[in-house]
Amino acid sequence: MTPSAAAGTRLRWRPLRHGLAVVPMVALLALLVADQLFPPPLPGRDAGQALLIVARDGTPLRAFPDRNHVWRYPVALDEVAPVYRDALLRYEDRYFRWHPGVNPFALARAAGQWAINGRIVSGGSTITMQVARILEPTPRSLPGKARQILRALQLEARLSKDEILTLYLNHAPMGGVLEGVEAASRAYLGKPARRLTPAEAALLVVLPQAPSLLRPDRHPAAARAARDKVIQRMRGTWRDADIADALQEPAYAQAPREPLLAPLLAERLRASAAGRPRIATTLDPQAQQTVELLLADRLGMLPARVSMAALVVDNASLEVRAYAGSADFSDAERFSHVDMVLAPRSPGSTLKPFLYGLALDEGLIHSESLLADVPQSFGGYQPGNFQQSFHGPVSVSEALTKSLNVPAVEVLERLDPVRFVALLRRGGLKLEFGKGGEPNLAVILGGASTSLEQLVGAYTAFARQGLAGKPRYTPDTPVEEQRMLSAGAAFIIRDLLESGGPLGRAVESGAGIRRGIAWKTGTSFGFRDAWSVGVSDRHTIGVWVGRPDGTPNPGFFGANIAAPLLVDLFNALDTGPPAQRPPPPNVKQERICWPLGTRPDGHDDPLCHQSRLAWTLNEAAPPTFPDRLRGGEARYAIQTTPDGRLRARPDCHPGPLVTRPMARWPAVLEPWLDDNLRRRALPPAWAQSCAGQASPESGLKIVGASNGEILRRSAGGDAPLLRLEVRGNGVRGQADGEVVWLVNGRPNARQPAGKGFQQRLVEPGRYDITVLDDSGAYDRISLSVR
């Protein structure tokens, strides 16, 4: 061939070679475009997918099926027992780690066996091809197989081998509505897949080959035969001893049951799933089961339509360990689907610890400040105690531990209701008021609403140096905490609730919850809500009992229905002795004196009528609140004869006189003092030469009605008109001495003692009538109108 001819030939072949080189590139580009236009249907994009709610250790709490009612418990590759992974790869696809998604030798072998035998002897599908068929079911035909192969290649191009294997572990059919090894292990064997034995692993490996025919709960013989085939295949991989043991193990399985722990919390979390197939919670499955069993144990003692709720929070982390939103999720008559952990309800007296703690921080009180538990009126508001009885002079510690209402209102009036509600909100406890409602004195007795969740979160402040926290339900929820009280105030209030404080420990009777538990009960108006909230070193636990529809439960109150359940919860969940809690540096035990409320002035302070051991905060010993009924200083002085037995004045007594310091008790408390305190608190009688002056020793006496008298109002008749007079008015020789008349603690009239007192008793109920003069003399009677 001439050179020119050779050159021509090369020129003719060069375009051909270039064309042949472009073909693969075009084909590859076409495949890439097709892959993008027709991607494999990977899971996680469907809003109707299954959802699993699990406890902190992975125990399923509740499973929500997908739109096809399939139950699936998501599991990671390293959460499955190695024996299962080994058996799966050895039995199903031993070359899984090396082939590109399709094993041509296995396909050829399967095709040859089908051609020779006229039926399928062994499958040629790889695990990747099985995943492709699970994600996109195809008919068992040549076109279907071809589509399955193409999808397998797409999966291999997009995912790693571990990701493909994880898809199989989570989606392999396991009989009925179960998919995935974790769902099958939990449902049939009652255990997580990470704890499978070799025999159990072999059983679950073979189950997807014929899920309906090999279900161990329905066909144990067939399941065992198929399982044993897998076990025999593992020779050379498992030890002979393990194989022998596995072959002896029965193939029994329980019937699948839906997990149902903390169902109402699961409902809450489901709303925030945002496409996630699994939500891990902070719940402890043992604690959750214990709480639900304790609630169920009390159902027989409760009337119809009464429900219960309980919340257990870990103080250190604010993580919720147990959550029961209703008494029985299966009992519709008890409003089982109403979550009472979230429902706004009247908290009753459960806010009182915060009131006294905030008053401590404001410098208004110390733990033994003198308060008046007597009938009183606060701008027209007349609170009464739960037992409709009064105790006279009480301390803050007594008022809190006995849950007295009148002293709490007295402190709230000084703190101011609006400020109290604002301080609670600053600490994370938000109170709700009815339409048009606003904070007032009734808020401390339940005149607002809050939820069990918020209340328990607020109570954690007593175990967390005054920091209240929002309960956390998932590990990834950020910690939210707010300053509710100072560390010192939180310490004092917890000590009062736990032991009654320094005075309470000195006279401890052993009653109630001790063992390091600080607790408080509450009852809303009309017996609609019964509460009990307690704090230990480890946990804060809250309990609510009532009817979700808000109807009353007469006779149900916090102490008799909620507190016993709280005791049982702490006994079951919080064992162990309490830790020692030294007081903060700004908290001290000090002697204080009544009635002034301040420290004594020396060892024999004549104004110290009664000595008390108190907790003080920031070295503050604030005095007793100013007298509500009479003005003047609490400290004053009188003149007496040298022996101190008679009171006198220089203008009416010629002899020598001495000056004697005196301390006044609040006027409303003077009628409640015993004889010994009255002798110390009230001035002595006037000397004969000063007989015209006020004389408390002459005493007062109400006439016109007797103590304990019952007045009856006829149907349709006028309200009874009460006519009273006072005798021995404490003013000798002066008919115009003045007295104060009080009705249920509210000043009704100040008038001359000689003028009769009249009062029409319009409303039925109890009336406490008190008459009081400026020298401290008094008389009191109680009447009832029916």
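Two strands count as paired if DSSP finds at least two bridges between them. Helices (H or I, at least four residues) and strands (E, at least two) are DSSP runs, numbered from the N terminus. By that reading, E12 and strand E13 (residues 529-535) pair in the antiparallel sense over six bridges, and Lys520 has Val533 in E13 as its bridge partner. The model is a predicted one, so local features need pLDDT of at least 70 and side-chain atom pairs count only at pLDDT 80 or more, while totals for chains, interfaces and linings use all residues. Residues are numbered from 1 along each chain as its sequence is written, and side-chain values use heavy atoms, with hydrogens and water left out.

The E12-E13 pair belongs to an open sheet of five strands, ordered E7-E6-E14-E13-E12, with antiparallel pairing. Strand E7 (320-324) and strand E12 (518-523) sit at the edges with a single partner strand each, so one side of each has no neighbour in the sheet. On average, neighbouring strands here are turned by 10° against each other, direction ignored. (Axes are lines fitted to C-alpha atoms, for helices over the stretch in contact, and angles run from 0 to 180 degrees between N-to-C directions.) Helix H12 (residues 285-297) lies across strand E6 (307-314) and E7, and runs at about 30° to E7.

Leaving aside neighbours within four places in sequence, Thr521 is in contact (heavy atoms within 4.5 Å) with Ser349, Thr350, Trp531, Ser532, Gly558, Ala559 and Ala563.

Burial also marks two other elements. Strand E2 (residues 60-64) is mostly covered, five of its five residues being buried. Strand E1 (residues 51-54) pairs with E2 in the antiparallel sense over four bridges, and Ile53 has Arg62 in E2 as its bridge partner. Five residues lie between the strands of this hairpin, where Gly58 takes a positive phi near 95°. Helix H15 (residues 405-415) is mostly covered too, with nine of its eleven residues buried, among them Pro407, Val409, Glu410 and Leu415. The cover over the buried residues of H15 includes helix H13 (352-361), strand E8 (370-373), strand E9 (392-395), helix H14 (396-401) and helix H16 (417-426). Just after H15, Asp416 takes a positive phi of about 95°.

Turning to helix packing, the axes of helix H4 (residues 127-135) and helix H5 (residues 142-158) come within 8 Å and cross at roughly 110°. H4 and H5 are therefore roughly perpendicular to each other; under 35 degrees counts as roughly parallel, over 145 as roughly antiparallel, 65 to 115 as roughly perpendicular, and the rest as oblique. The contact residues divide into seven nonpolar, three polar and four charged, where Ala, Val, Leu, Ile, Met, Phe, Trp, Tyr, Cys and Pro count as nonpolar, Asp, Glu, Lys and Arg as charged, and the others, Gly among them, as polar. H4 contributes residues including Met129, Val131 and Arg133, and these residue sets meet H5 residues including Ile149, Arg151 and Leu155. In the loop between H4 and H5 is Pro137, which is exposed at a relative accessible area of 66%. The C-alpha atoms of Pro137 and Gln148, eleven residues apart along the chain, are separated by 8.6 Å.

Technical notes
Buried means under 20% relative accessible area, exposed over 50%, partly exposed in between (1.4 Å probe, protein chains only).
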